Amino acid sequence: MRTGKSNARRWRSLLLLVAFVGLIIAYMTLENRDNAAQSPALTAGGDTSTASPSPSDEAAVSPSPSEDGAATPVPTPSDKPEETAKPTVKPTVKPTAKPTSKPASGGAGSGGSGAIAVVAQPESITALVNKQNGLPREYEPTDLVFPDVPFLFKEKIDKRKLRKEAAAALEEMFAGAKDDGVALAGVSAYRSYATQKALFERYVKKDGEAKARTYSAYPGTSEHETGLAIDVSGSTGKCAATSCFGGSKEAVWLDKHAAEYGFIIRYPKGKQSITGYMYEPWHLRFVGKELAKELTDKEQTLEEYYNAVPVTK
Ligand SMILES: [Zn+2]
């Protein structure tokens with residue numbers, strides 16, 4: 001009898017243990033899934049600007065993989081970013097023909113998950129910066145200014161800055177849009193290497209490097225660090241830096257006119273396998289009028305222009 005009872009007790013303990021482990025596994029799975037949505041929020045908290053309705057921008061590369069981290073979280077809960085998330089940086093980098101990059105020496109890839117070439121002319125307005133071509137650690141644009149256009153937040157912080165030439169072009173573009181009855185607003189522009197690094201390291205601490213890389217840009221590899229990229233929305237901030245911005249009046253206008261002012265839609269639809277990023281109708285990159293027109297006319301990405309290795313290859 002006693003042994004029967006103690007056996008039963010032992011069984012019950014075992015069952016409890018199994019249930020407990022099951023719970024932990026389920027919880028971890030959920031954590032992973034939520035992570036995508038939460039990272040940007042975390043970010044917003046860490047950012048000095050609180051007013052931005054975009055939950056995101058700091059988490060530069062979000063799971064699905066988005067340069068701005070926002071595309072997934074808010075309006076599209078049905079997206080399952082983690083399934084498409086893949087660390088795309090691979091050691092296939094080879095020197096690109098044109099001006100910008102040369103083979104990295106270990107570059108940034110400390111984790112050994114892939115070399116990142118160091119951009120040779122980071123100050124060039126046509127520099128190619130992507131998951132395989134990163135800015136030098138010490139690079140900081142020297143001519144950052146505050147463009148005189150509305151942003152979705154009031155603070156005068158880094159996020160509002162662009163390099164001088166890009167800022168002037170942005171002002172012209174916003175004025176042009178206004179003439180056409182389209183009210184634009186800035187969501188997020190410059191982000192320093194240090195900011196990106198701090199952010200990335202926070203994620204590494206939380207999730208480990210391999211995982212962090214799937215949703216946050218490795219320091220140096222976010223185009224926002226060039227001071228030539230900006231996320232733009234309508235003045236109401238609706239769908240700011242998220243996929244529902246696509247097809248909006250503002251997105252349509254930008255698609256049609258950005259190149260006239262020297263900007264390109266850097267991550268166009270259908271080019272994800274080349275750029276490494278999903279379609280981001282809000283992420284504009286200044287490259288100058290001449291190149292912007294050429295790329296837009298030919299429907300080319302910067303990667304294609306430089307004959308660079310597709311980011312996901
Ligand atoms: Zn962006």
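In helix H8, residues 289-298, the buried residues are Leu 291, Ala 292 and Leu 295. Buried here means under 20% relative accessible area, exposed is over 50%, and partly exposed is in between, with a 1.4 Å probe and protein chains only. Helices are DSSP runs of H or I with at least four residues, strands are runs of E with at least two, and both are numbered from the N terminus.

Before I go on: this is a predicted model, where local features need pLDDT of at least 70 and side-chain atom pairs count only at pLDDT 80 or more, while totals for chains, interfaces and linings use all residues. Residues are numbered from 1 along each chain as its sequence is written, and side-chain values use heavy atoms, with hydrogens and water left out.

Back to H8. The buried residues pack against S8 and helix H9 (302-305). After H8 comes Glu 299, with a positive phi near 50°.

Now the cores. A nonpolar core is a set of buried Ala, Val, Leu, Ile, Met, Phe, Trp, Tyr and Cys residues joined through side-chain atoms within 4.5 Å. The largest has 36 residues, of which Met 173, Ile 230, Leu 254, Phe 263 and Leu 284 touch the most other members. Among the elements giving two or more residues to this core are helix H3 (164-179), strand S7 (229-234) and helix H6 (249-257). H3 gives the most, seven residues. Apart from this core lies another, of ten residues, including Leu 128, Ala 259, Leu 291 and Tyr 306.

Next, Ser 192, in the loop between S6 and helix H4 (193-207). Ser 192 is buried, at 11% relative accessible area. Its side chain makes a polar contact with the side chain of Thr 195 at 2.8 Å; that term means N or O atoms within 3.5 Å, one able to donate a hydrogen and the other to accept it within protein, with sequence-adjacent residues counted only if both atoms are side-chain atoms. Not counting residues up to four places away in sequence, Ser 192 touches Asp 158 and Glu 225, contact being heavy atoms within 4.5 Å.

Last, the structure holds one disulfide, meaning a pair of cysteine sulfur atoms within 2.5 Å. Cys 239 is joined to Cys 244, S to S 2.0 Å, and the link is left-handed, with -115° about the S-S bond. Cys 239 is buried at 16%, whereas Cys 244 is partly exposed at 31%.
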